[in-house]
Amino acid sequence: GPDVTTQDLKPAGKENPSNVSVYEIVLSGVSGSPLERNISVASPTKVELSCKLDKNSQIKNPQVTWKKGSDTISHTTKSENSWSIQVTILDSSQLGSYSCILKGKQEISAVFHLQVPKIEGKDKPIITYEGDAAVMVCKTDYIPIAWTWYMTNGSKQVAINDSMPAKKYVINRQSANATRLKVLQLTKEDGGLYWCEATFQLGKSKGKLELKVLSIMAPLKPFVAIVAEVVIFVTTIFLYEWYSKKKEKRAGDEREFDQIERL
Amino acid sequence: MGAVVADDGPSGVKAPDGGWGWAVLFGCFIITGFSYAFPKAVSVFFKELIREFGIGYSDTAWISSILLAMLYGTGPLCSVCVNRFGCRPVMLVGGLFASMGMVIASFCTSIVQIYLTAGVITGLGLALNFQPSLIMLNRYFDKRRPLANGLSAAGSPVFLCALSPLGQILQHEYGWRGGFLILGGMLLNCCVCGALMRPLEPPKKPEATKEPAEKKVKKKLLDFSVFKDGGFVIYALAASIMVLGLFVPPVFVVSYAKDLGYPDTKAAFLLTILGFIDIFARPICGMVAGLKWVRPRCVYLFSFAMIFNGFTDLMGSMSVDYGGLVVFCIFFGISYGMVGALQFEVLMAIVGTQKFSSAIGLVLLAEAMAVLIGPPSAGKLLDATERYMFVFIIAGIEVTTSALVLALGNFFCIKKKIDEPHTKEEAAEREELNKSEDKTPEDAKVDSIEVEQFLKDEPEKNGEVVTNPETCV
């Protein structure tokens, strides 16, 4: 099946009246690389992170510690076979990696990464042509407060704002969670990396896009080559047909001539 | 030439069954490939179009629908053009249209312009190429016609396998504009195929050279008399029902696999299996259909292929793992190939050379509605029930129903008897005399397959009788 270790974890489906999302990792007791989960948090909220021990596991009554980075968290709750903590996220300092460590005969652990939502850019470069317009779209699953676009000038990232020529860049908010940058009248220099940055209540997140600007000549060369090939083939076929018709006619005339001769 | 029908498919000519026919077959192969694989190749660019024009997925799906509508719906128009101008000019013009449509599309600035260029113009061009190519194939092959049909139909899966990765590469290297431009260039090769379609001329006899225009029997631009042929009506009806469900499983099998939890590459591999088997199933089925004892009953072989296909769909609806889907794809590939190889061969056998140009146009038009309704309604069904099982079941039911319509219709409505050569002779003579006057409906019931074969077997007797009623002794 698909690889689930780095999937974005959605809430386990339990929503308490106080609107706390619960995220759970089930540990099987086989020691290996720690199980990890990425949790996207866009705005201040309360989350409950819980580590559950699989009933078939050989570890019984382990000693459980919760850590954020290297600091131990004291306020933990235990129920049956699961240990959990409640995290109130108010600003970016509460984001990070929270791990639960179960010490028995072996030590197994799981890590929750609380982070700002990832931005979907484009991994493959966008191909456009000189004189054309390029459209770049960034999407995310959550609703950011604001979007900012950056273009790379050499090695620096330059923000695209009102200081830029108005006829060149058009930014509009395509929907609540998507932004669109349109670059008009493209030239070769417009190619390169572009960044879209989403500002959430809890922090900023960037997505990367690459723009490639080609000249019209690029696709035109193969096109002309194909057209030439077609013209050559068609001419050859028609010439061959005309030639074989002539041959047949000559053969037919000769046969007639022979017939008349015999008579 | 005037207003008289220029292309009446000279039946006085014996089908070469080889020679230049192989070049015609090659051209047919390529054109079949382009016609069926092109909508799929264009769909590779849809994601980019969605981003650039800010439209939704269903807006881009219109491009495929328009292409299909033009390919199928302009059938009668193509028949009229072929009957009026002849096959080769129509094909050359068609190739130019198809190419021009894509080239202009690469410069478009709105999605509606793309509908009109890549959709309407290219679709029309492809249609103007596809139909005449089948007509020419029918004229060049007679004894080996089932094999020829199977081989040329193999063009569809071969091009499907080739054009998809090519489309991806073009999109990666040149974006959608450059990709459309180059695809337009490639479509120009349809003109090369059109150039290969040398018209067949009746052997020149010394007396015949004196008679130019009047020897040609006046033929309608679109021959609706095919509707009087019961076999044709049954075929058209069965084909329309079949097309409702035939193309649905390949469209949904990949998403079915993904739905079961398998990764993208594994799911896409299913289609590769299907296509690969299809490539070989078609010519092999063509060879089988050409066997002496199979050929007169090829309508029933066609029904069998459809029942096989429907049965595969029903079995496939119950598959729950990857192995089941692989088995489904293998058997679906075989049955789909058989259907593809036989569909036009059976039509050619039913209506004969003379009327094929009109018949195929009408059949394609009848199928047009079904082709446009089939896959989208399956999609709606999927959205409503969220179960892939029902989609496959419905497709299977539709294809099986059409098989039953075809088989039972032929069994009960058409009296098929394998006659002795003497009675065949009588029937043939009656047929020919009636051809020069208006054809009476009863004679249409004469077993056209036997007559066709008989006509082709004795060209010398044939040549004078049909084309020259005045000199008929």
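Predicted model: local features only at pLDDT ≥ 70, side-chain atom pairs only at ≥ 80, totals over all residues.
How many salt bridges are there between domain 1 of chain B and domain 2 of chain B? The count is two.

Chain B, then. Domain 1 of chain B covers 16-200, and domain 2 covers 222-419. Taken over C-alpha atoms, the centres of domain 1 of chain B and domain 2 of chain B are separated by 21 Å. In terms of contact, 34 residues of domain 1 of chain B meet 34 residues of domain 2 of chain B. Between them the two domains of chain B bury about 2800 Å², with 70% of that area on carbon and sulfur atoms. On the side of domain 1 of chain B, the residues that lose the most area to domain 2 are Tyr72(B), Asn138(B) and Pro146(B), which together account for 22% of what that side buries.

Returning to the salt bridges, Arg145(B) forms one with Glu345(B), and the closest N and O atoms of this pair are 3.3 Å apart. Polar contacts across the interface of domain 1 and domain 2 of chain B come to nine residue pairs, both partners being at pLDDT 80 or more. Which elements of domain 1 of chain B give two or more residues to the side that touches domain 2? They are α1 (21-43), α3 (57-73), α4 (75-85), α6 (111-140), α7 (145-153) and α8 (155-187) of chain B. The largest share of that side, seven residues, is supplied by α7(B). By class, the side of domain 1 of chain B that touches domain 2 holds 19 nonpolar, ten polar and five charged residues.

I now move to the interface between the chains. Here 31 residues of chain A are in contact with 30 residues of chain B. The area that chain A and chain B bury between them is about 2400 Å², of which 67% lies on carbon and sulfur atoms. Three salt bridges are found across the interface of chain A and chain B. One salt bridge joins Glu241(A) to Arg198(B), with 3.5 Å between the closest N and O atoms.

On the side of chain A that touches chain B, at least two residues each come from β10 (126-129), β11 (134-139) and α1 (217-262) of chain A. Helix α1(A) provides the largest share of that side, with 17 residues. The side of chain A that touches chain B comprises 21 nonpolar, three polar and seven charged residues.

Is helix α9 of chain B, residues 189-196, largely enclosed or exposed? Eight of its eight residues are buried, so α9(B) is largely enclosed by the rest of the structure. Among these buried residues are Cys190(B), Cys191(B) and Cys193(B). What do the buried residues of α9(B) pack against? Their partners are α1 of chain A, together with α1, α5 (87-105), α6 and α8 of chain B.

The other helix is α4(B), where the buried residues include Gly75(B), Pro76(B), Cys78(B) and Cys81(B). The buried residues of α4(B) pack against α3, α5, α6 and α14 (322-385) of chain B. Just after α4(B), Gly86(B) adopts a positive phi of about 95°.

Gln185(A) has a phi of about 45° and sits in the loop between β15 (178-183) and β16 (192-200) of chain A. Gln185(A) is exposed, at 57% relative accessible area. Asp17(B), with phi near 55°, is placed in the segment before α1 of chain B.

Finally, I return to chain A. Ala166(A) belongs to the loop between β13 (156-159) and β14 (169-175) of chain A. Ala166(A) counts as exposed because its relative accessibility is 68%, over the 50% cut-off. Ala166(A) and Lys249(A) are 83 residues apart along the chain, and their C-alpha atoms are separated by 73 Å.

Definitions and conventions. Residues numbered from 1 in each chain as written. Chains lettered and ligands numbered in written order. Heavy atoms only, no water. Domains from an automatic or database assignment. Contact = heavy atoms within 4.5 Å. Buried area = accessible area lost by both parts, 1.4 Å probe. Salt bridge = Lys/Arg side-chain N within 4 Å of Asp/Glu carboxyl O. Polar contact = N/O pair within 3.5 Å; in protein donor to acceptor, adjacent residues only side chain to side chain. Helix = DSSP H or I, 4+ residues; strand = E, 2+ residues; numbered from the N terminus. Nonpolar A, V, L, I, M, F, W, Y, C, P; charged D, E, K, R; others polar. Buried < 20%, exposed > 50% of the residue type's maximum accessible area, 1.4 Å probe, protein only.
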